[in-house]
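Take a walk through this fold, one element at a time. Keep the sequence and the 3D view side by side.

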Amino acid sequence: MRSSHPRSAAVAALVATAIASGLLAGSAGAADTDTSAAPVRIHDIQGTTRISPLVGKQVADVEGIVTGVRTYGSRGFWIQDPQADDDDATSEGIFVFTSSVPTVAVGDAVKVSGLVGEYVPGGLNSGNQSVTQISKPTVTVVSSGNPLPEAVHINEYSVPAEYAPAGDPAAGGSINGLTLDPSRFALDYYESLEGTNVRIGTSRVVGATSPYADLWVTVKGWENSTRRGGTLYGSYESQNTGRLMVQQLAPLAQQPFPVANVGDRLTGTTEGPLDFNQFGGYTLTARTMGTVVSKDLQREKTKPQAQGELAIATYNVENLDPSDPQEKFDALAKAVVENLAAPDILALEEIQDNTGAKNDGIVSADQTLTKFTDAIKAAGGPAYEWRTVDPENNKDGGEPGGNIRQVFLFNPERVSFTDRAAGGATTPTGVVQEEGKAALTHSPGRIDPANTAWESSRKPLAGEFVFRGRTVFVIANHFGSKGGDESLTSHHQPPARPSEVKRLQQAQAVNSFVKELLAAQHNANVVVLGDINDFDFSDTTKALTDGGVLYPAIQSLPKSERYSYVFQGNSQVLDQILTSPAIKKFTYDSVHVNAEFAEQDSDHDPQVLRFRP
């Protein structure tokens with residue numbers, strides 16, 4: 001039977017507007033206290049949009065079979081009506097939020113009375129879609145040991161190729177009030193299965209097991225695949241519809257979560273209710289978990305530079321400070337020596353001060369750097385020297401008290417650093433001409449530190465190096481994070497990406513500085529690198545390259561190798577090295593040692609550029 005509420009679309013549109021305005025979240029305060037309503041079916045509650053036509057209403061004696069029980073986190077259970085209607089847009093499953101540990105069991109036939117609500121994981125301002133649920137329930141177990149409704153098979157044939165409908169301009173770009181079209185849009189397909197018992201067959205892992213006991217698979221093995229088994233996020237329109245987050249219902253103490261790397265296979269059947277959470281959107285909460293089969297993914301090792309080649313690398317070492325275990329220092333050092341082949345110049349991001357996240361006013365990082373360079377030497381690497389500019393206390397973002405900054409490590413046996421009146425945290429370095437060639441006024445120095453683009457963000461670090469008699473300018477960056485951006489599964493389509501505004505301004509500032517260098521010396525060797533925190537197809541990258549002054553070297557790689565980070569099953573570019581026109585011939589390597597693995601020394605993959613100045 002189709003939904004018995006013909007006003008579903010109109011009501012949903014009204015509720016969607018209220019949710020977008022922060023006025024309604026299906027709370028108890030919004031409830032209709034009339035408990036005399038006739039029993040309804042689950043598909044009546046779910047309706048044909050993302051918002052229940054009964055949100056804020058009491059329902060009585062909703063029947064279903066328990067298909068999953070969650071005893072941790074957001075505690076509750078899922079029920080499903082075995083008597084489906086004939087409308088593909090209406091889900092037959094729903095979550096019952098109990099707050100305490102549920103007393104029902106899988107296979108119980110139950111009747112549930114309670115309050116229909118729309119819970120938004122992450123809060124109303126997150127942009128996340130809501131989960132239709134019944135809260136404050138009264139539960140009656142009618143019988144036990146019943147067979148479960150047959151699981152819906154999610155596979156490459158069932159998931160549409162198109163990701164999402166365009167949001168309704170009249171609702172601020174929200175898709176909440178739109179009638180679901182599960183045969184056309186992937187997000188509508190998944191939403192039509194919210195709370196439903198689903199299953200996947202053998203699938204490729206595209207996001208490694210995280211510390212939070214989840215992983216990502218794709219049910220579309222051919223979709224934008226990377227060379228090493230991931231799924232490439234190559235444009236804003238290639239969201240990769242086959243990605244699906246997998247968690248398990250069994251507590252970890254009872255059943256450890258499987259450890260998987262990108263490219264591994266989750267074999268057999270994985271089955272359970274389809275949930276939605278703030279950390280990944282639609283999630284298969286597995287009642288039955290498949291078996292991980294390893295494909296033995298190896299950490300890459302880059303080619304050592306030739307005698308006449310200069311090797312420059314960038315590596316985000318993820319909040320490194322002296323209180324980190326020696327094992328972290330040793331692992332990072334080993335990667336520098338063995339996987340990066342001891343580059344001549346290494347730009348580091350996220351080096352914290354000597355006391356780490358302790359908010360005590362200390363900004364110096366000499367102890368952090370001594371411990372790291374000692375570890376590199378102990379691993380068989382060179383005796384690196386370093387240059388940096390200490391930031392002002394708590395002015396550059398990151399963990400409060402941590403004072404992250406960029407640092408240059410360099411091998412003095414291969415390259416020299418040109419020290420020029422090292423500037424302080426607020427001293428801008430500039431460009432001058434010396435004997436017809438460009439030079440910095442401060443080396444090391446910070447670029448335009450008073451620019452509001454760098455407020456609560458890391459200022460670029462510029463330095464002058466000499467290799468075999470030739471000057472190379474290196475600018476190390478760590479642009480603003482993507483914090484505050486909405487997820488791909490947002491109810492706004494396309495999702496809002498407000499963090500791009502700051503990175504665009506930061507890119508423009510760096511681009512202007514590079515233009516000054518090239519105006520002083522048109523054939524200057526300039527390398528801009530670091531954690532750009534944005535994609536190679538983004539407006540940030542376009543702003544960096546404006547006027548043809550820089551080229552994103554990662555674009556020299558085959559598309560299937562263009563990534564440095566894996567987020568929610570999407571392999572993507574965040575770390576970059578860009579080169580000036582004088583650097584005509586080079587080799588580039590995104591060295592995959594972290595992002596694809598469950599065991600990580602950092603969440604970023606380092607990048608290496610080799611060229612002959």
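Helix H6 covers residues 500-520 and has 21 residues. At 1.5 Å a residue it should span 30 Å, and its end C-alpha atoms are 30 Å apart, so the two agree. The expected span is 1.5 Å times one less than the number of residues. Helices (H or I, at least four residues) and strands (E, at least two) are DSSP runs, numbered from the N terminus.

This is a predicted model: local features need pLDDT of at least 70, side-chain atom pairs count only at pLDDT 80 or more, and totals for chains, interfaces and linings use all residues. Residues are numbered from 1 along each chain as its sequence is written, and side-chain values use heavy atoms, with hydrogens and water left out.

Which residues of H6 are buried? Among them are Arg-503, Val-510, Phe-513 and Leu-517. Buried means under 20% relative accessible area, exposed over 50%, partly exposed in between (1.4 Å probe, protein chains only). The cover over the buried residues of H6 includes strands S20 (431-434) and S24 (470-478), and helix H7 (539-544).

Now turn to helix H4 (residues 326-339), where Lys-328 is found. Lys-328 has a relative accessible area of 18%, so it is buried. Leaving aside residues up to four places away in sequence, Lys-328 touches Val-317, Glu-318, Asn-319, Leu-320 and Asp-601. Contact means heavy atoms within 4.5 Å.

Strands S3 (residues 93-97) and S5 (residues 131-143) pair in the parallel sense over three bridges. Two strands pair if DSSP finds at least two bridges between them. Val-96 stands opposite Ile-134 in S5.
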